[in-house]
Amino acid sequence: MPETQIFHDAEADRGHRAKWFASRVAIYGFLLLWTVICLFPIYWTITTSFKMAPDVMQGNMIPWVDYTPKWLGWRSLGLSPETIGNESTVRAEFLKRFTNSAVVSLSASALAVVLGSLAAYGLSRFSYKFGFMRNPDISFFFLSQLILPPVVLALPFLVLYKELSLLDTRIGLIALYALTVLPIVIWIMRDQFASIPTELEEAALVDGLSIWGAFLTIILPIALPGMVASFILSLVLTWNEYFFAALLTGSNAVTLPVMVASQTGSQGISWWSMAALSFAAIVPLIVIGVALERFIIKGMAAGAVK
Amino acid sequence: MSNAGDLLHVVTADDISDRRRFFGRALIWGSFAALVLVALLQAGDKLGWAEVGFSTWRPTLYAYIVWAVCLCWAQVIIRGEQGKRVLFVLPAALFVISLVVIPLVFGLGIAFSDWNLSSPDGRKFNGLNNVRQMWADPFYWNALGNMVWYTAAILVEYTIAFGLALLLNAEIKARKFFRVAFLLPLMLSPVAVSWMIGKSMLEVRFGPLARLARWLGWDNPSFFGSPEMAKFMIMVMDAWTFIPFMMIMILAGLQAIPKELHEASRVDGASGWRSFWEVTFPLMLPASITAILIRIIFKLKLADIIINVTSGGPGGATDSVTSFIFREYRDRSNVGYGTLLAMVYLVLIVIAITIFMKLADRWMNPRY
């Protein structure tokens, strides 16, 4: 209908404007709604750790408006300003668990990244034959470990560790955690190495470097972003791990999640101290999440796009 | 990515003398003999044939580690340049084999025995008794059924995650802020989440969500009272932590789609809705399948939230297989039966995942 076209255009233009505006509102509305859903539990935990019993019961939400913040929750952890200088058994306990978690997750991630990067590099460059297994089979063997649910390993490990007196030790947990994140590391690093051209190593080999020399001096620096990504992803998973820690530790090597879980039952409704403890347990990861978000996204995206 | 043939060729010539080869073999077999010797001594000690004075199996562990190191070293000695290449994969392979295959084989042994860690009798082989017990255990079947429900919830999670990824992929301001905010739930430990949401925000009297429910007209909100509601709440909490994971994977897929395709579809006159269903969604299928597959794998491990919020209640309605076995061990120390349940679960998972992957493969590469 060419004769009505001019009017159509004007109408469509205005309609388009309104539609564009409506879609903007809808998009930002949904974005904000989901932001609230994501952040409210964290906000709730922080504010609750500064509440007193009546504040909790009245459902006060906003500090300084609804209620005056008190250090009650943090005092029970021994981390409030007036108790920070004093001796505190709770704080000592908390710090011990915190160190356990840090040591275990850092070393397990480091171990997994070292083993996983080596294996991924080898698989992306050379062809192997172990018995009937060739490269795709070996890759599949490593990646299939991801399917293995922790329960299957848990009870045999419990018995094995008991015999080896590795129960309730950090070493035991480190080995097990490294095993659980190894497939993820291999997955990310395989992508990373596949994107590096082999000409680089060829040049290095011609220049007289050995294969390990070329790997360590030329390839590793290029693959560093992938390694950081897989390290951080492993760190998140191992820091939060609860199932194995609950089964395999008793007193010495207890990690933070186990401590939080054990307090849930015993403390009843002393919400402020639970909130303080929960928040202290998640704060390192919130910091990592905000600061290193780029790497986490890179790591998780590695597998999605082929 | 082709896996056929080396991408890098051997450039150095190896000449390995017979003596060197012999030394390498001697290293492997010597350390292996030492391992066998130590293991035999330990077994003898355990069974009371000889007093050696080992209190734990640690010496065998050390002998095993020494053997593993010798095995890696000997690769280089015997095979030279080729051996150095094997050295990339061998440590990881040995690590996985010793930590997965050995416990699995050992676990198979436990699965067919009557072994209660709290009873002094120790381990007794009891054939298929555990299988019979499992067959008649309504709680285990119930937990397996629950897993089907929990897994089915992934479809809803996927829809939400896809929506969020589309939103983040749209032309918006402050994209980085929203991305970080959406990512945060994934960083939180499930144990902390189960307190933050399950125990405090859903608390019936003072929890903010209970208040919200009352304000919306639900007089007596009870989130873990009825089986369906409790199951639903567990699904919601698990979804809350893991939606960011799927969202990031889908977002990565969306960003890999060339802009020209959308422009072309717009020029061809497709509306937003049609261009989504006929351009974006089909192109996203591979990334979606990967995201869903990984999410299923993680979902099958679901336990932490259930253990900490409901411990399976009310009446086992929220139990996942993992949390059920966890309690089987925690409450009854029943290692033998628990291991059998876990093994059966593993077999079921492997079958289910294989079928899923075959179906996905068939669906994505149809053979006419």
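Which residues does the domain assignment of chain A give to domain 1, and which to domain 2? In this predicted model, domain 1 of chain A covers 2-77 and domain 2 covers 89-304, the bounds coming from an automatic or database domain assignment. Residues are numbered from 1 along each chain as its sequence is written, while chains are lettered from A and ligands numbered from 1 in the order in which they are written. Local features need pLDDT of at least 70 and side-chain atom pairs count only at pLDDT 80 or more, whereas totals for chains, interfaces and linings use all residues.

The C-alpha centres of the two domains of chain A lie 35 Å apart. Across the boundary, 11 residues of domain 1 of chain A are in contact with 12 residues of domain 2 of chain A, contact being counted when C-beta atoms, placed from the backbone, lie within 7 Å. On the domain 1 side, α1 (5-48) and α3 (72-77) of chain A each supply at least two residues, and α3(A) gives the most, with 5 residues; helices here are DSSP runs (H or I, at least four residues) and strands are E runs of at least two, numbered from the N terminus.

Between the chains, the contact takes 83 residues from chain B and 85 residues from chain A. Helix α3 (residues 81-111) of chain B provides the largest share of the chain B side, 14 residues.

The buried residues of α11(B) include Met284(B), Ala287(B) and Arg295(B); a residue is buried if 20 or more other C-beta atoms, placed from the backbone, lie within 10 Å of its own, exposed if 12 or fewer, and partly exposed in between.

Arg332(B) lies in helix α13 (residues 321-332) of chain B, and it counts as partly exposed because it has 13 C-beta neighbours inside 10 Å. The C-alpha atoms of Arg332(B) and Leu117(B), 215 residues apart along the chain, are separated by 8.6 Å.

As for confidence, the model scores ipTM 0.87 and pTM 0.87. The mean pLDDT (the predictor's confidence in each residue, from 0 to 100) of chain B is 84, with 94% of its residues reaching 70 or more.

Conventions:
Contact = placed C-beta atoms within 7 Å.
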